[in-house]
Amino acid sequence: MGETFKLEIQGVSKSFPGVKALDHVNIALRSGTVHAVMGENGAGKSTLMKVINGLYKRDEGKVLLDGKEVHFSGPEESTAAGIAMIYQELNFFPELTVAENIFMRRQPGKRGMVSWGEMMKQAKGILEENGLDYDPAEKIKNLPIASVQMLEIVKAVAFKAQVIIMDEPTSSISDKEVTFLFETIRRLRGQGISFLYISHKMEEIFQIADDITIIRDGKSIISGSVSDFTENSIITHMVGRSLDNIYPKEEIPPGDVAFEAKNLCSNGMFEDISFYVRKGEIVGMAGLVGAGRSEVCRAVFGLDPLDSGEITLCGRDYKPKDVTHAIKNKILMITEDRKKEGIIGVRSCRENITITNHHIQKGIFMNLKKEVEDAKRMSEMLKVRFAGIETPIGSLSGGNQQKVLLARWLMMESDLLILDEPTRGIDVGAKLEIYSIITDLAKKGYAILMISSEMPELLGMCDRIYVMSQGHVTGCLERSEFEQEAIMQLAVKNVN
Amino acid sequence: MKSKKIDIRKYSLILILAAMVVVCSLLSGNFLTATNLTNILKQVSIVTICAFAQGMIIITGEIDLSIGYLAGMAGSFACIVYVATQNLPLAFLVGVLLGAAVGVVNGLFVAYFNLPSFIVTLAMQTVCFGAICLYTGGQNIYKIGGFNVLGQSYVAGIIPITVVFMVIMLIITHVVLKYTKFGRYLYAIGGNTDAAVAAGIQVVKVKWFAFILSGVFAAIAGMVMMGRLNAGIPGEGQGYETDAITATVIGGTSFSGGAGTAFGTFLGSIIIGVLNNIMNLMGIDSYTQMIVKGFIIIGAVLVDSLSKRGKTGIKIMASSSDAKKSK
Amino acid sequence: MKRTVVSVFMVLAMTVMMAAGCGKGNEGSQDAGSGKSEGGKDGAYKVAFLPTDMSLTFASWLADELTTAFEEYDDMELTVIDSQNVLETQISNMETCVSQGYDYIILLPIEPAAEDDIVAGYIEQGTPMMNINLDDGGVEKASSVVANPYDLGTVVAEYAKEQIADDANVVVLLGPSGNTDSIERRRAYEDVFKDSNLNIMEEQIGDWEKSKGMEFMESWIQVHGDQIDAVLSMNDAMAIGAIEAAKDAKLDDIKFFGVDGLADAAVSIEDGGLDATALQDAQVMAKEGARVAHEVLTGENKEGFEKVEIPVTLITSENVAEFIQRYTENGMLTE
């Protein structure tokens, strides 16, 4: 071993009762590079992070920093040694200011008293150095998530971190913000800082990473330079089997128009939105975060306000009122934020599947026997993997949760099925299953409207794509016209 | 993973109760007698009815602090109506309607105007108490005559009427929670209100109705209480709301909402009743009783929190050791 | 939009309240202690009565009797300000009364020992004050009109001694921990029975509540069966609760002794439940209180204070009819 690595993980294993979470994992992070760690959810990425910073004690193997073995007892020690962690769920105090968050537990001052003037001055200096024009006195809760993420990085660098470990940093930020994040990472890489970048987003890896290690079932499967991999080869290693085509798209001749919206307006959110969806068709909605795609769909579903516009549903007029009304009119929607507006985490899969179906049944009592049958049938149909229908949905993986939610809606009759980011935060294997479910639905004649921020997904799955920018529809592309570049241009088009 | 998951809370409560009964019968020869067991049931019945109401509200993630005072108010008003008319069904109906009316007001502010239930129902405490005191001028209502059949009579000669009321309310609560759509929505709303909205549940209506139901339950508890006391005493309901909270929490109802059962609440209430009873039988002084009760409550909440942390938690032992590891 | 709804609601609520207030006033029924004064007597002395808790039977009775007693005087005007049994509230009410220029304050203290220094301070500053019903004698210059709690205990205890055997088995129900009334009444029993061979089987704090008295008695009957000869309760409510429990267990030979002598006790004695109770007569107390206040305010009383002990009355089946009649007349009992 000639080269000394900045951070090296050698044969690290970690077991929990009944599970071997890490099994002789090896990763070698070169100084001044970005090293991507890829794997499906549950592959052991998060455990790995916690083993590095000492939250978990490793069973065997070594962690070397600058060639010397280290044993951290917790995040405080690892931070002191120059390893910063940026978690998927950001650790910040929403009610405190930018400056206070930067200097949390490191406030400048004497004898336990915080020197506010000094702290604000230093914070401003740090922010300026990194090209961020935030007001240090602003409360964190008033900043967009991406800015908070940037702050975490800035904070890490300000306190002399040499290695920054990031867990899914782009899962909650927009494309534009991703660009800025990547610029920052590249600049810091230039200054010799090393990154361990945990992700499962393919396109990002090719943009930012130098090296890559793929983890599957707690084992490091393969390591190498990014240039040695292709998208397909990475996926093959991640899921452990070869995939011919990710998107099981089938050409289905479209039927009658199922849903048509004309001139939908909602003050301050979107304006003059017209689109239609035919039976058997999968229609995509592309655009940047904040373009108003979710808002349009939520308004149609009765979750958000709609000021004006006309909607025709299989030839009949429809006016959104509330979700109950939408469901009765056979408009269904899987919302974007699964945890917040999708699952009822503490309740069983059975209840999560059948809740809406009960709602449309008459009478005050439920048919519990039929409920069990329904839940079993639906979860078998969608191949939900769980211990049984009584498992609390909160304990399932993202992909299985999404399947349960799909099961909930597929029990209903549907004239329009809206899927808002149906594969967000779901690992590759489950994604493929969801894609094939969607394709099957289209084959059965469902009219499907799908919002996604992952361009390849839209390109792969849809028959037509509407593109939105700044609350307006800026274009509609047929499948034959699909091209990433064209969509991008429409998505950033200035409508004013 | 085991294919069939066991609700550890349900069984742990029965085990705790069984263990308590064994220990108590060793401690006092008077414990395991028919009359004493009847006494325990009689003594817990009113709080238990309040606890069923509180349980339904806590399942939705809200709280109803007006229960105790509402019981005092509705019970006393029913006494007044009875004394004036000598018509028991009418008096009972008036009590129930008063409870429903207070529930309507609670629901208006909590469900419709989306105010915190803690504040609204706290405020309704004084409204209820003020209303009854204004009417009676702070005097109690005596000589309520036949009204006491609601609290002192026996069914079939041996079963105290209060216990009958408790069992009826237990069955109603159980059926509502387990077999009705409304009950299912309570859990859904408590589990995740936003998700319940997105699943098409009409959260405002459901919550509103829950508060009305809670008010009716509290009113019934109040009338039974006044019957048992053989007088209309407006202040007697004070504190029942907190005793009800204790019973529901010991019974496994989650304070964060979304979980809890009628039988759990029932067992929680019985456990407290047995505890009070054995301490009285043994002549333990009041101060020691307070300390013991306090720790029992903390212990119950601790079990609740531990079994939640050890997510799947099949056994109590396993879940507590899991909890240590995950720290 | 929602704001408008709220404000409309508020206006409605206030209208309802005003209407209700007027209605009450017209009926002329008792003032529940909202702090409103009794009409306008120009240039009259302003007197405040600060009861413990208007939802307690005795306090509200005393307030009624005081209001009645003050109507006899043209040059005094009484305002009742409730403290809902919160010491802190009562102290701030005193503060408010002094700063609002009240000429005299009648205090039904919640916690005399805690309030003595404050009372002494206000008297020093020139506002004369009176402790009514409860006084620990801690302020020399405060007037005091009390039925001594020790005496209340003594009359019942002496009667009880005649009624029960020398070596009787008794159970004891106490008021809230630290409560002066309860402690003094208990001490009186202690002294009266000091030479007897009384066997105290059980003794618990029942917080003055009927339901607690009932619950304890149920358990005790469980343990001691028919061995209990008498229940010595420091108030009537707990004793009456115990009676309900005994009734349910079909035990007819137990004797019950309470203290307070209000309507519930009178009814119970009439029905053959309670054996005896002692009354602190609010009517006498109120008349004496009004007299003392008037004499102090008009300067008739040169010293500026007077200590009055009103006699306590034992109520038993022999004289209960008289009280039933009285309570019916003053509205505490309805037929």
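Reader: How many residues does the contact take from chain B and from chain A?

Author: The model is predicted, so local features need pLDDT of at least 70 and side-chain atom pairs count only at pLDDT 80 or more, while totals for chains, interfaces and linings use all residues. Residues are numbered from 1 along each chain as its sequence is written, and chains are lettered from A and ligands numbered from 1 in the order in which they are written. The contact takes 25 residues from chain B and 26 residues from chain A; two residues are in contact if their C-beta atoms, placed from the backbone, lie within 7 Å. On the side of chain B that touches chain A, α8(B) gives the largest share, 6 residues. That side divides into 12 nonpolar, 8 polar and 5 charged residues. Here Ala, Val, Leu, Ile, Met, Phe, Trp, Tyr, Cys and Pro count as nonpolar, Asp, Glu, Lys and Arg as charged, and the others, Gly among them, as polar.

Reader: Which helix supplies the largest share of the side of chain C that touches chain B?

Author: In that interface 27 residues of chain C are in contact with 28 residues of chain B. The largest share on the chain C side, 8 residues, comes from α7(C). By class, this side has 10 nonpolar, 9 polar and 8 charged residues.

Reader: What makes helix α9 of chain A largely enclosed?

Author: Helices (H or I, at least four residues) and strands (E, at least two) are DSSP runs, numbered from the N terminus. A residue is buried if 20 or more other C-beta atoms lie within 10 Å of its own, exposed if 12 or fewer, and partly exposed in between, with C-beta atoms placed from the backbone. For α9 (residues 293-301) of chain A, 9 of the 9 residues are buried, so the helix is largely enclosed by the rest of the structure. Among them are R293(A), E295(A) and R298(A). Just after α9(A), G302(A) has a positive phi of about 90 degrees.

Reader: Why are α3(C) and α4(C) called roughly parallel?

Author: Axes are lines fitted to C-alpha atoms, for helices over the stretch in contact, and angles run from 0 to 180 degrees between N-to-C directions. The axes of α3 (residues 87-99) and α4 (residues 112-124) of chain C cross at roughly 5 degrees and come within 11 Å. Angles under 35 degrees count as roughly parallel, over 145 as roughly antiparallel, 65 to 115 as roughly perpendicular and the rest as oblique; α3(C) and α4(C) are therefore roughly parallel to each other. Residues making the contact include L87(C) and I91(C) of α3(C), and I118(C) and Y122(C) of α4(C). The contact has 7 nonpolar residues, no polar and 1 charged.

Reader: Which residues touch the most other members of the largest nonpolar core?

Author: A nonpolar core is a set of buried Ala, Val, Leu, Ile, Met, Phe, Trp, Tyr and Cys residues joined through C-beta atoms within 7 Å. The largest has 279 residues, of which I448(A), I49(B), C50(B), V231(C) and A242(C) touch the most other members. Helix α10 (residues 203-229) of chain B provides the largest share of this core, 16 residues. A second, separate core of 67 residues includes V178(A) and L196(A).
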